[in-house]
Every structure is written in C-alpha cells, then in structure tokens.
Amino acid sequence: MSIYFRQILKVFAAVFILLTVGGLAFPQTDKIITAIAELSNPDKEIRLRAVYSLAIAKDDARSLEPLITALTDPDDFIRERASDILGWRKESRAVGALIPMLKDRNESVRYATAGALGNIGDPIAVQPLIEYLNDYPRVFADTCNYAATQALAKMRDERAVMSLFSHGCGSSI
C-alpha cells in the first residue's frame, strides 16, 4: 500500500470519527427554531410534532418557554403532552404555568398536569393540588384524583400528608 493511499485512509478515518462523535458541525437548520415556528402552525399534527421536537431537545434551554406556551394550545392533546413533557423534564420553572392547568376543561389535561406537578415536586404546588383534590367529586377517584393523590404522596409535604389522610388516601403515602 502506498504512502499516499495510507494518508487518504487516515483523513477519511478522521472525518468519519469527527462525524460520528459530532465534533464536526455542518451547517443545518436549527431544529429548535423550526419547532418554535411550527407551534403557531394551524395544523395540530405539525404543532404536536413541534412539541415532541422540543421534548427531545431537553438540554437546550431555548426549548422550555415554547413548551410552556404549548400549555395554552387550543388542542387538548397538545396541552396534555406539553404537561407530561414538562413533568418528565422536572422543569421547576414551569410550575407557575402548570398550576392553572389543574382547572383545564379537559380531564386528561388535568390528570397529566397533576402528574407533572408531582414529578417536579415543587412545594409551591402542594396547596393547589390539595385544592384540586377538594374541588373534584369522588366520581373522578380513578382518574384525576388518583393523579393528585399520587402527586401529593410524592411530595412528602406535611400539608399534603394531612390532606391525603382527610380524603381517606393514607395508603397512598
């Protein structure tokens, strides 16, 4: 094998390593900027795809505010997914935007929001979750109240424990 051929192989190997490790950046569309723009698209499928794109970009600080904005989307499923994602990411900066979602018109959104607040575990959410638990009749015991009960149990806050016992949910703790 000639020296020239070996040099070419070394260059190709170096380029391959840089590409696979990510050390060499080629100009490409910024996916966060694209996802943010897609959140205002009239097509709900495109908006949902944007929410998922922002979820994947959890290490990029620019993805947080657009996800919080998605909590106000007219589509119930998109609001539900945004709540789930913020809870999965344990975004304490989203608690203030999530708390009003406990009063959303859609049961699935309320359920996802209660679960998200429980995952985040911010003590600011304890009182709103207690109020939420008090506001909904026992008819919702298998759905929304279950989520609120689990969220409060995760927090291990004294107010939460007392509320759970008063609702007969002591076994959740």
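I began at D73, which touches L39, R47, I78 and R79 when residues up to four places away in sequence are not counted, contact meaning heavy atoms within 4.5 Å. I noted that this is a predicted model, in which local features need pLDDT of at least 70, side-chain atom pairs count only at pLDDT 80 or more, and totals for chains, interfaces and linings use all residues. Residues are numbered from 1 along each chain as its sequence is written, and side-chain values use heavy atoms, with hydrogens and water left out.

I then placed D73 in the loop between α4 (64–70) and α5 (76–88); helices here are DSSP runs of H or I with at least four residues, strands are runs of E with at least two, and both are numbered from the N terminus. D73 is buried, its relative accessible area being 7%, where buried means under 20%, exposed over 50% and partly exposed in between, with a 1.4 Å probe and protein chains only. I found a polar contact of 2.7 Å between the side chains of D73 and R47; such a contact is a pair of N or O atoms within 3.5 Å, and within protein one must be able to donate a hydrogen and the other to accept it, while residues adjacent in sequence count only if both atoms are side-chain atoms.

Next I looked at α5, whose N-terminal end is capped by D75 through a side-chain oxygen 3.1 Å from the backbone nitrogen of F77. The buried residues of α5 include I78 and R79, and what covers the buried residues of this helix includes α3, α4, α6 (95–98) and α7. After α5 comes K90, with a positive phi near 55°.

Last, I followed α7 (residues 107–120), where N106 caps the N-terminal end with a side-chain oxygen 2.8 Å from the backbone nitrogen of S108. Among the buried residues of α7 I listed V109, R110, L117 and I120. G121 follows α7, and its phi is positive, near 75°.
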